Structure formats: structure tokens, C-alpha cells
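Subject: Structure for you to look at

Hello,

Here is the structure I said I would pass on. My notes on it follow below.

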Amino acid sequence: MTVPLLNASGCLDALTAPDVARSLDAFVTKTITPLPRDGNPPVRIAETRAGMLNAIGLQGPGVDALVSDVLPRLAALGLHVWVSVGGFSARDFAGICERLDGRDDVEVLELNLSCPNVEEAPESSAEIVAACREATRKPLYAKLSPATWDIAESARAVVAAGADGLSLVNTIRGLALDPATLRPRLARALGGYSGPALKPIALACVWACAAAVEVPIVGMGGVVTGIDALELVAAGASVVSLGTVLFSDPGAPGRIRGELAAEAAARGFRDPADARAVARSNREKAL
Amino acid sequence: MTVPLLNASGCLDALTAPDVARSLDAFVTKTITPLPRDGNPPVRIAETRAGMLNAIGLQGPGVDALVSDVLPRLAALGLHVWVSVGGFSARDFAGICERLDGRDDVEVLELNLSCPNVEEAPESSAEIVAACREATRKPLYAKLSPATWDIAESARAVVAAGADGLSLVNTIRGLALDPATLRPRLARALGGYSGPALKPIALACVWACAAAVEVPIVGMGGVVTGIDALELVAAGASVVSLGTVLFSDPGAPGRIRGELAAEAAARGFRDPADARAVARSNREKAL
Amino acid sequence: MRRALVEVVGTEPVGPYTLLRVGRGSLSPGMPGQFFMLEAPGRVLPRPMSLCLAPAGELAFLIDPVGPGTRALCALAAGERLHVLGPLGNGFDLAVRRPLLVGGGIGVAPLPYLSRALGRPRALLGFRSAHHAEAAALVPGAEVVLEPTYVTALLPDDPGDVLACGPEPMLAALRQRVPGAQLAWEAPMACGYGACYGCVVEVDGRLQRLCVSGPVLRAA
Amino acid sequence: MRRALVEVVGTEPVGPYTLLRVGRGSLSPGMPGQFFMLEAPGRVLPRPMSLCLAPAGELAFLIDPVGPGTRALCALAAGERLHVLGPLGNGFDLAVRRPLLVGGGIGVAPLPYLSRALGRPRALLGFRSAHHAEAAALVPGAEVVLEPTYVTALLPDDPGDVLACGPEPMLAALRQRVPGAQLAWEAPMACGYGACYGCVVEVDGRLQRLCVSGPVLRAA
Ligand SMILES: Cc1cc2nc3c(=O)[nH]c(=O)nc-3n(C[C@H](O)[C@H](O)[C@H](O)COP(=O)(O)OP(=O)(O)OC[C@H]3O[C@@H](n4cnc5c(N)ncnc54)[C@H](O)[C@@H]3O)c2cc1C
Ligand SMILES: Cc1cc2nc3c(=O)[nH]c(=O)nc-3n(C[C@H](O)[C@H](O)[C@H](O)COP(=O)(O)OP(=O)(O)OC[C@H]3O[C@@H](n4cnc5c(N)ncnc54)[C@H](O)[C@@H]3O)c2cc1C
Ligand SMILES: Cc1cc2nc3c(=O)[nH]c(=O)nc-3n(C[C@H](O)[C@H](O)[C@H](O)COP(=O)(O)O)c2cc1C
Ligand SMILES: Cc1cc2nc3c(=O)[nH]c(=O)nc-3n(C[C@H](O)[C@H](O)[C@H](O)COP(=O)(O)O)c2cc1C
Ligand code: FES
Ligand code: FES
């Protein structure tokens, strides 16, 4: 038992960077939609003082090509595969889950209930999870947005609807203007804010959800070092995902795994995962 | 017509720093509650990489002492006064508004609908605004949280309920752990996240609300320089508030006013407020 | 309260601590026990530091590098510039008849300036190690104890007017033993001038801002 | 694709640009037109830079200080270290018979290395001012025009195999005039290796990642 490291969905393409994917404990696909999507027009990314914005808009080949083309190639790389599932209605989500239900080359389905860059499904997150629960017996992880007043409430609702785990957090909407022209730097103006600036928000969400539900939590948001990862574990995560950091350092999985082990040992843990016990005792003290 | 600068509620005490208060166009009180409050136990503040967390918990003298003691002293300083109103039910809010309705020494009531550090009122923001609207004819500004999936919807609701303006944004919940002990740095664990890291989130909220409603917006979140202030105006704000920056630089109002004028002029605006026109034309282009 | 952009004159190691000397600019050194907010390069918030010494035209701070802000301050080099705000808070009341200075660890920081203001009275200082105790050289005639002995062990039965700064357990012990002692406390501070309500401590059963009511408080 | 922590050998001003020379470490210089992601001190994301020159044991980049990342890179001093990832993307196809290099502004950056690889072919460079044109000295035998004249004005009727890098309007004009030209494009990039889908450009009517499909693309 230790802390598995994944990539955050949309932050790695195993087909262009197989070695990076293989350095992770499992590979999470970019969110897949029923049909192919071109995504948003460029400019799609902008850096901010302690983070970045993206408005990719779920560019991808659609589920047919995922199944016929991408999954076999991922399997050939020997990867454990999580598929991130997206859509614009509960039916969209459930359809993809059903499609992937029987496949041995997919281990977990992560439901992206929180992409800030596309229109929202009309159904609630819990309704989408319930529809997917009907469609598949695979483990379902609900990926939630930090843009909510009470994330513990959302967590309880999706777990009650059948989610086996939570992925916390997706990006939060942000805007950056070009200081010279005062025009938005992204073509679509608003984008999702990720990176170090998100870390305190992500920690708070993990902390609040770990107190509310018993399911495993994949923590992510601004991890750059092993200490960041250890803090997510101490807040309640069982698994840690790397997003923005992969852009500046494709060697991050190996580096962070080493740092995580060393930092955990320096604090007297036999295993980094043992830091989760700190989470529980801290919560009791703080509440 | 230019861009007035205020302090963000809770980020300045005019009685301990009268010169700083006088360097602003109006002074906003710390959120006042019906009864005196001690607030949360210390430790209440912690710095993060690009921001800070606070869990003050609305420490204050209560509305009676505000009326009998604080307001006369603020008036004696010659300040234009906005009172930030808080509470734990619509009745709390409306009671304070009614109490202050007749007073000449209060210009605007800002309704703090979004403090992340205290329990929430059971009513919706719109219900609280509606109750306050009944209680006073003074201008009502609704202060909203960025922790919501669709802030434009909240903006429409509070404006429909009678808000004359919006204050955007309050802090968003965050957590910081001590890297050595992995224990929360704040006694209450979670706190409100403010400072430069909040700026892209604040800009996005101002942008989205300016497109949704016609009322004036007080923009705040991570302003450190005149360019930050100009960006908020270009996103749709008419007034800019200074929060965290006042802690490191009590001279910020004068400095930022000068920088704002210079940066606006460098971009060909006669007046910084003219940058609001950019907001409108940008939105049309991006939508 | 004034804020000025001042230049680093130099830094000197003092045991594990660093003495940071900056040009005084338009700032007044204030009273012993008052403090300044020092801009910490690369950090969002400034850091509170007691004035340690006031050489002609300078302000000097003794800094313990315990975290990112203090480490950034200790790493400053001569010629670099930083914003300094102060003097802030309430210092020691110097109208005392039989002053006895007591300090522990980095709590020695305000004592060199205080000692000079009071005519070099007796001073008892406790440190964790001989290396830390090098800071005692800044306080004229100081008597030093090292852990595991605590400075309170040296305290005479009739200690006179105690003026102290040090870690919380030391101040708590002094508060018990010496009613009327003037104790300089610490708390995390964001602003240092009453704006943030971050620095509250319990005084007379109520949470009060240490930067406004203190940092020097009377033991009741 | 490799990532290494390399040391700055030195920086040299070249007109308004800076030539940043770093130790090569374990990195291969790759093909002309390929690029590297350079860690920009204090920034969250690295910055894409074409290889400009490959002196023995070194990599050299010509950098235009247009924003915070490039300014931080230009401010590096000898002895400082930074992470460099690369070589990345698809460079120029060197199997050309009658090469003609065309560059505009900072688009000159990949041409010095390309010129050497192709045996110093004819090169046409356009710049905004004589100061900017100092960068032409890096390309052997380059012919230079200054604005308001555009470099496309010098283009012979039968230009041969054009290999070009420069501002978008220049590349767009070349794409029209010279089918088959090899054009090195730019786009904001977060990762440089296909991970973020940030750098898409329209190629053959579809949005493709420039860092994977380019940066050198054939004019259709
Ligand atoms: C009025 C006043 C005067 C001070 N004078 C001096 C001085 O002369 N020399 C000096 O070295 N230090 C002094 N301090 C303490 C100093 O301000 C803190 O050590 C500093 O702010 C820590 O910042 P950091 O970023 O280095 O560490 P952080 O990361 O902020 O903290 C590191 C560790 O120190 C603890 N800590 C942080 N701030 C404080 C604090 N204010 N009090 C107690 N523990 C804290 C944290 O909990 C943590 O364990 C003073 C504090 C106050 C309030
Ligand atoms: C493959 C490739 C190779 C490159 N090679 C070089 C090189 O050799 N030398 C060099 O100086 N620059 C080169 N660039 C451009 C360089 O990467 C950008 O100028 C740099 O990233 C800007 O960062 P900044 O923080 O300084 O400015 P930012 O604040 O990021 O941007 C400043 C201004 O430049 C614009 N901008 C930002 N990035 C780009 C971009 N990639 N393309 C066009 N405009 C941009 C912004 O819109 C803004 O107007 C290359 C870009 C690519 C994609
Ligand atoms: C460029 C980019 C693309 C992303 N695409 C997706 C996506 O397709 N699906 C998804 O669930 N999250 C997506 N995310 C969000 C990340 O998975 C992650 O939740 C977020 O970036 C926070 O982690 P970080 O701070 O480590 O980047 C994307 C993030 C970035 C930066
Ligand atoms: C220490 C502190 C106390 C605050 N107290 C209040 C408060 O009492 N009422 C309120 O509406 N907002 C309060 N806020 C939020 C600020 O008014 C402001 O919305 C937020 O800090 C964002 O602005 P900034 O990034 O410029 O600080 C507080 C913020 C801080 C940092
Ligand atoms: S430090 Fe801000 S009120 Fe004391
Ligand atoms: S720069 Fe990330 S995919 Fe091209």
C-alpha cells in the first residue's frame, strides 16, 4: 500500500509521451465525448502569476475512435487505463459508460462533471452518476468542481447515487487580460484555472469531502513537489494526480514519487499513505 | 467620473489607521453582525504561495456598538461610510438594514452573503436581499462568493430581488497545512483565500456578471497594482476595492490611484473609467 | 507609522541568526519593544520584527530563519532594497525602577535596544545551545544559561521590574511568577497595524489584536 | 525528448535580442527548426525556443524579451541553472536542392543553425530597424531589408526551396506565393510535447497540435 500517482485528465497524451505515461501508476485519458470535437478556437492557454488558464474545450476523437484506435494502442503500451467520460446530458455519459463496460482494457471510469469550458448537462451531477451506475459495473469516480459553496454536499449526493470514488478537483473559471490591450488572452475569454494557485482550494475540497464520505479520493490541484502530494494525502486523498506540473516537467512522476517517499520518511511514516491517518486526527481536532 | 477606490471589508480598521481610510474614496466597515462576536480562535491567518488564508470569523462589536460608538467616530474622521452587513438569517440582515436605514452617516449597505468562515443563513441570497430591500431605501450591494458554478445566475437573482449593485468577490475556501507537521495552519482548518492568486477568479466573476446585469460592480480580488485595478475595470467593474494589498502596503490607495491614472493614460484613455468600454466590446467579441 | 523603501547596509551572522542592518530613511526607531513590518522578498505578506539595535542612521533586526519569509530576509544582500513599515505597537514602559531583562532564544531580539535605553541593566538570557547563545553578545553584561536549564531558574526571589521576550512557555512561566512583568508576545501578523484582526490573543478574557494592544503586555 | 538541468555559459546582446548560451549536458541539439522548452525563472510554464546555434558542448538561443518569461530568460547570468527539455517537434526537412532561407524579426532565431546545416545558402532577412537587424550577423551572408520594405519584396520569381520563420503575416504571404515552402510557425505552448492541446493551429482544416505536427509545416 502506497500512494499511486496518476496524471490529471487532459494533462498528458500517452501516445505522444509513452515514457511519461509509463512512469505513472495508471494513465487517465483526456475527457472523451460521444462525438469527435475540435474544441475551442486558439488562443487556448495563458499563464498567470501562480497558475494557468486553459480553454481547450474537450478536443478529442469521440468514443468510437477511442474504442477502435486509442484503447488498443494504450493497451499495447502496457498501461493501466482510466477513461475520463464527458458529455452534454446524462444519456451521453451513460452511453459511453455502457460502451466501455465490457472492456478489460479500461479499469476505471472518471466522470467529468465539472469541465468549466463547455456547456453543462441539464441534469444534476447525482442524476448523471445514477445513470452511469445503471450502465456499468466498473468503478466510477466522480470528478467535482471546486466552484460550489458546499462541496461536501455534492460529494454526499454523488456517492449516494453510486460513485465509488471522487476526483478532486477540476479547474475553476478564471480570466486573464493582456495587460497591454486589456483584451482577454484566451479566445473564449474564460478558462479553467489550474496550477499552484489552486492548491489551497484543492486541499480544502479534499479535506471537506474526506470528512463527509468514506470513498477513496483522487486529489489534484497545483501539485509540484512531493510535499504538495503528501499534503493532499494528509488532507484525505488516497491517490494523487499530476496536472499542470507535467507541462513544465515530464519527469515529475518519478521525481515526485521519490520526494513523497523521502518526505514521508522524514516525518516518521513507514509509507506515504500513512499520512492519511493525520488527516483523520486533524479533522477531529479542528471540528 | 473616475474609478473610486475602496477598502475591501475586513481589510482595514479606520479607527486604527485613519490616514489610510482617508486616502480612499469611501471606507467599508468590517462585516457587522447583530450581536458582538469574538470570532474564531487563533491562529487565524496563514500565507500561501500567492495569497493568504483567513478565518477571522466576523469578530466585531455588534450593531449596537457600531451605532453608538463606531459610526460617530467614523463620521468625525470625515469618511464616506459603507457598512458591511452580516448575519445568520434573513431577519438578522434585514434587522441591521432597518437599524441603519435612517442614518445620514451611512451611504451604502453591502450585504455579505458569502463569508466562508461562518455558518450560512438558511435563506437564499435572493431572499436575504429581498428582506433587506423591504427594510431600507439605502443602496444595497450584494457581495457574492466565487464558489458557485454560475455566478451570473446568482447576480441576476440578487438584482431581481432588489440589489442596486454587486461586490465581487469574497474569498473562496482554502486550506494550508504546516509542511512539517501536516497539521492545518489555521485553528479552524479552512479559511478564506485572498490575494494575487484570487485575481483570475475575480476577473472571471466580474466579467460574467457584467454581461448578465446592468448594475454597478465593485471589483476586488488580488489587486496589487494599478494595472490589476485597470483590468478589473476592463472586465466590467466601476469601483475597485483593495483587500490583502493593504496589509503589505497601507499606502496602496494613493499608489494605485496614481498607477491607475498613468496606466489608463498610457493606453489612450482620458479616464481610467473609460476602460469599461473595452469590457463591453471585448465581451461582444468573445461571446 | 510610516513606510519607507530602505536599503540594506549589510547582514552579519550572529550564531544561527542574522543581523540585518538597513538604512533608516525617514523612519523613526521608536521605543524598545516596538516592531516593524519588513517586506519579505517574494512573499505576499510582510513579517513583523522587533527593532534590535538603532545604530546612527540605521535600523538593525535580529532574524531567526525559521521559514520562507525569514529565510528570504536573511538572504538579502547589501544594496538591495525593501519596504519597511513602523514603528508599530506598544513598546516597553521604560519608567521602571529596578529593571531586569529576561530573554529566551530569538526573544533576545528587542533586548539590545532596550538594554541601551535603560542604562544596561542586569539581563538573563536562555538559549538552546552555545551557538544560539552567541546572540547574548548583543546585550551588555548578559548572564547566559543553556538548555536543559531554563532562564527562569536564575530568576531572583525578588526580581524587580521584569521586561521579557521569549518563547511562549517562558512568558507563561514569568506571567505566573512575576505579576506586573512586561512581556513581549508574538502572534502571526498580516498587517501589524490593526487592519486584519489576524493577530488576536486572549487578554483579560477577550480576543484582542496584539499589534494594537501589544506586543508588550503586562502580566496581570 | 530529454530534460536536463543545464548551466548558463553566458549571455550576449544581439541588437534588442539576447543570445543565451547554455551547457549542452545530456541534450542533443536536434535538427534545425526543432525547439526546446526552457524553464523561465519564477514562471509556472516553460517557454518554447528554437535552437539558434549549437557551439561545441553548448546550445544557444536567441531571445526577444517580449514578456515576463522571455525577460526572465534574458536576465539569466553565467553560472545560473535552468531546466531545458528537448529537442521537440519536427524541424526543417534538409533534403532540399535549392534552399533559400527567409526570416523576419525574431524569426531569424532558427536560421543560423539551419544555415550551417545547409552549407550557408542564400538568406533574406527583414527587420523592423537597423538595431534589430544586428541579428542578421548570425546568418552567414544574409541580405537584409528594413521596414517599410518587406522581405517578400526580395523574393525571386523562382524562389526554389524556401525555408522560413517569421511573423504570421510573413508566413501567410509566403504560403500564398510559394507552395511547398517549409514554414516554422509559433503558437502559445504550455508543454511542447503534445500533452496540453494548447498549441493547436488549423492544418488542412483541422485543429492540430503545432508541437506535434510542427512547428515546421509545408505550405500546401
Ligand atoms: C511583534 C513581533 C516581533 C517579532 N520579532 C522578531 C524578531 O525580532 N526576530 C525574529 O526572528 N522573529 C521575530 N518575530 C517572529 C517572526 O515574525 C516570525 O518568525 C516570521 O513571521 C515567520 O515567517 P516565516 O515565513 O519565516 O515562517 P512561517 O512559515 O510563517 O512560520 C514558520 C514557523 O514559525 C511559526 N510562526 C510564524 N509566525 C510566527 C509568529 N509571529 N510567532 C510565533 N511563531 C510563528 C509558524 O507556525 C511556523 O512553525 C516577531 C513576531 C512578532 C509578532
Ligand atoms: C516553436 C516555437 C519556437 C520559438 N522560438 C523562439 C525563439 O527562438 N526566440 C524567441 O524569442 N521566441 C521564440 N518563440 C516565441 C516565444 O516562445 C514567446 O515569445 C514566449 O513564450 C513569450 O513568453 P513571455 O512570457 O515573454 O510573454 P507572454 O506574456 O507570454 O507574451 C507576450 C506577448 O507575446 C505573445 N506571445 C506569447 N507566446 C507567443 C507565441 N508562442 N507565439 C507568438 N506570440 C506569442 C503574447 O500574445 C503577448 O502579446 C517561439 C515559439 C514557439 C512556439
Ligand atoms: C490544459 C488542461 C486540460 C485539461 N483537460 C481536462 C479534461 O479534459 N478533463 C478533465 O476532467 N480535466 C481536465 N483538466 C483539469 C485537470 O485534470 C486538473 O483537474 C486540474 O488541472 C487541476 O490540477 P493541476 O493544478 O495539477 O493542473 C485540464 C487541465 C488543463 C490544465
Ligand atoms: C483578513 C480578512 C478579513 C476579511 N473580512 C471580511 C469581512 O468581514 N466581510 C467581507 O465581506 N469580506 C471580508 N474579507 C474579504 C475581502 O473583503 C475581499 O473580498 C477578499 O479579501 C478579496 O480581495 P483581496 O484579494 O484584495 O484581499 C476579508 C478578507 C481578509 C483577507
Ligand atoms: S496583524 Fe493585522 S490586526 Fe494585528
Ligand atoms: S504545447 Fe502542449 S500540446 Fe502542444
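Predicted model: local features only at pLDDT ≥ 70, side-chain atom pairs only at ≥ 80, totals over all residues.

Between chain A and chain B, 12 residue pairs are in polar contact, both residues being at pLDDT 80 or more; a polar contact is a pair of N or O atoms within 3.5 Å, where within protein one must be able to donate a hydrogen and the other to accept it, and residues adjacent in sequence count only if both atoms are side-chain atoms.

Side-chain values use heavy atoms, with hydrogens and water left out, residues are numbered from 1 along each chain as its sequence is written, and chains are lettered from A and ligands numbered from 1 in the order in which they are written.

Chain A and chain B each bring 47 residues to the contact (heavy atoms within 4.5 Å). The area buried between them is about 3,900 Å², with 67% from carbon and sulfur atoms; buried area is the accessible area (1.4 Å probe) that two parts lose on being put together, summed over both. A:W149, A:L175 and A:L182 supply 21% of what chain A buries against chain B, more than any other three residues.

Regards
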